[in-house]
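Keep the 3D view open as you read.

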Amino acid sequence: MTGPTTLFEKVWNEHVVREDAGAPAVLYVDLHLVHEVTSPQAFDGLRARGLRVRRPERTVATMDHSTPTLPRSLAVVDAQAEAQLAKLKANCAEFGVSLYDLDSADQGIVHVIGPELGLTQPGRTIVCGDSHTSTHGAFGALAFGIGTSEVEHVLATQCLLQGKAKTLEVRVDGRLSPGVGAKDIILALIAKIGTGGATGHVIEYCGTAIEALGMEERMTVCNMSIEAGARAGMIAPDEVTFEWLEGRRFAPKGDAWTAAVERWRTLRTDPGAKFDASVKLDASALAPMITYGTNPGMGIPVTGRVPTLESVDAGSDRAALAKALDYMGLAPGAAIAGQKVDVVFIGSCTNSRMGDLRAAAGLLRGRKVASGVRVLVVPGSKAIKRQAEAEGLDSVFKAAGAEWREAGCSMCIAMNGDQLSPGQYAVSTSNRNFEGRQGRGGRTLLASPLTAAAAAVAGKVVDPRTLMGGVS
Amino acid sequence: MKREAREAFTTLTSTFVVLPADNVDTDQIIPARFLKVTDKVGLGANVFADWRLGPDGTPNPDFPLNRPDAAGARILVAGANFGCGSSREHAPWALVGWGLRAIIAPSFADIFKQNAMKNGLLPVAVDAAAHARLLEARRADPRASVTVDLPAQTVTLGGKPLAGFAIDPFAKECLVHGVDELGYLLDRAADIDRYEAKHA
């Protein structure tokens, strides 16, 4: 009926319940993920109107943002967080929603456990009151963050009112060099197009460098789509996707699996389909990336220098750079390598999966964390924690002098007591370097797990490639 | 059906506060440590907490919202990409809690814009020239007043037309009539039933 369509349009079209002139589309939501921070007011809204959750079986909740990452016997950070967790538990019980709470063996960061349990599947529409819902787009799902009013809408109707986004093709061709990974691709992209560069668009990542990534790495890329302002990020599902999903708890089984894979194979942008905009990136030219400023677009190669004020447009760009560098305590034009580091955080929905932990442990094995540096390693889920321990990674981290924590968002959002002190510098594998994001006055440099581990050993920012190949 | 009434937005005339920085993120609007609440009230006290208040809670006299001439302003003039970052609806709750009803900026982050409109906080995107004139007018006279006319989709400065602005017609309808979107969705129950039956 129509011409060639993009992956986004295929998933979108499949989920439009109704579209009337003068109103946004009514879009069906296949999977609604819920956590403690952005849901209590939505459940209150349902109660106030006497509504139920329309499809509890399509709604899954966990606790992650304000949860402790020290052993569970220890208290939650404060009474308010305790009350928030209790409220989620009560709401889920009252409305019949499955909850993976702190006592569950499957608890973890919402964007880690969705895929892990096989809830995240190609072609699904997935929403959550959390901007990093874009993570799930790595499977060819249309996944995006929503506010609490919309959480209430989805709870009540399993639908959202949505204007159709524009499309942005991000083509990444070429081979990544050793020591350069998914986090470096996405930081380089955001540095190129800016934090508002993809506003109003759904990104589709494609090209040989994207196809060569494993699922965990694809999740890292899609996770930070929102940091470029994108509504969502998507990658067409392929054999890598199917292999990763097969056998997971909520993935289809038997004949249903075969049928699903056949359907999922059609989820690709047709040849000749038009994107509203396109950007290209050469993977072979990328170096490990790190941020120097107070938004994720302020990134440079780890071998690079902090920009000088003269290098950016006079006016608001220059003012923003001056303000950012003042907050960060960094000199314009200075090499970023050599910058001292107080804390290293390895975790978050961006980089807390097995591949991330293996990369960090590989660099830390047989080495020690530099004196005076605090290192937190926070697995993304309890399942990842168990797997890492089965592989002995916890011993590697502890022997190096790092803290091995329980699963949760932890210092990415600093709601649970894990936080920086004013003025401290952290190399962090998380997704946001906004002022105060990891604790008031804290200074965050975003980087890959490898670059973070290298900083832990050196006590300063260093090119991780100089430490690769094990201990000499 | 079950519709929730809220304060309608038609025209608003007010003095304005200027926060010129681009890319003001939701962590600045309301830092994460204030997200442990389970209701929407009281967040206004913590809006821009880390910029507005010192570590000991003393107001920073230089912060635009703290200056005496900010009192009573119901409009914020901000920089580009305002509200980038997280999906926290606590950001508009905090801005509304402080007393704001409209934000005029060159551009807005998507989720923030959606969240704002659902809380009667009108995002008004204007071009660079109109934005510059607002900043200029405020410098010349801190009591300069601006009118945002939502039905006409115009901004007037000192009685003279300044700019038009675009808004999704459906969101406009909800704002002008003070109704929320959930009522509309609930009214689509039959369509949703049909969709579910077809896709079961």
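A salt bridge here is a side-chain nitrogen of Lys or Arg within 4 Å of a carboxyl oxygen of Asp or Glu. Please keep in mind that the model is predicted. With that rule in hand, go to Asp78(A) and Lys36(B): their side chains form a salt bridge, with N and O 2.9 Å apart. Across all chains, the count reaches 39 salt bridges. Asp78(A) sits in the loop between strand S4 (59-62) and helix H3 (79-95) of chain A, while Lys36(B) sits in the loop between H1 and H2 of chain B, so this pair joins two chains. Between chain B and chain A, the count is 9 salt bridges.

Now zoom out to the whole interface. On the chain B side, 56 residues are in contact with 61 residues of chain A. Together the two chains bury about 4,800 Å² between them, and 54% of that area is on carbon and sulfur atoms. Lys36(B) turns up again here: with Thr38(B) and Tyr195(B), Lys36(B) supplies 15% of the area that chain B buries against chain A, more than any other three residues.

Polar contacts are worth a look too. Counting pairs with both residues at pLDDT 80 or more, 28 residue pairs are in polar contact between chain B and chain A. Which helices of chain B each supply at least two residues of the side that touches chain A? They are helix H1 (26-29), helix H2 (49-52), helix H3 (90-98), helix H4 (110-117), helix H6 (169-177), helix H7 (181-186) and helix H8 (189-199). The largest share, 7 residues, comes from H8(B). Sorted by class, the side of chain B that touches chain A has 22 charged, 20 nonpolar and 14 polar residues.

The model has 5 cavities of 30 Å³ or more. The largest cavity has a volume of about 210 Å³. Its lining is made of 24 residues, and those nearest its centre are His65(A), Asp130(A), His132(A), Ile413(A) and Arg437(A). By class, the lining of the largest cavity has 11 polar, 8 nonpolar and 5 charged residues.

The second largest cavity holds about 130 Å³ of space. Among the 13 residues that line this cavity, Met117(B), Lys118(B), Cys174(B), Leu175(B) and Val179(B) are the closest to its centre. H4 and H6 of chain B are the elements that give two or more residues to this lining, and H6(B) gives the most, with 3 residues. By class, the lining of the second largest cavity has 5 nonpolar, 5 charged and 3 polar residues.

Conventions. Residues numbered from 1 in each chain as written. Chains lettered and ligands numbered in written order. Predicted model: local features only at pLDDT ≥ 70, side-chain atom pairs only at ≥ 80, totals over all residues. Heavy atoms only, no water. Contact = heavy atoms within 4.5 Å. Buried area = accessible area lost by both parts, 1.4 Å probe. Polar contact = N/O pair within 3.5 Å; in protein donor to acceptor, adjacent residues only side chain to side chain. Helix = DSSP H or I, 4+ residues; strand = E, 2+ residues; numbered from the N terminus. Nonpolar A, V, L, I, M, F, W, Y, C, P; charged D, E, K, R; others polar. 1 Å grid on protein atoms, 1.4 Å probe; cavity = no way out; pocket = protein on both sides within 12 Å on 5 of 7 lines; lining within 4 Å. Points joined across faces, edges and corners; volume = space filled by probe spheres on them.
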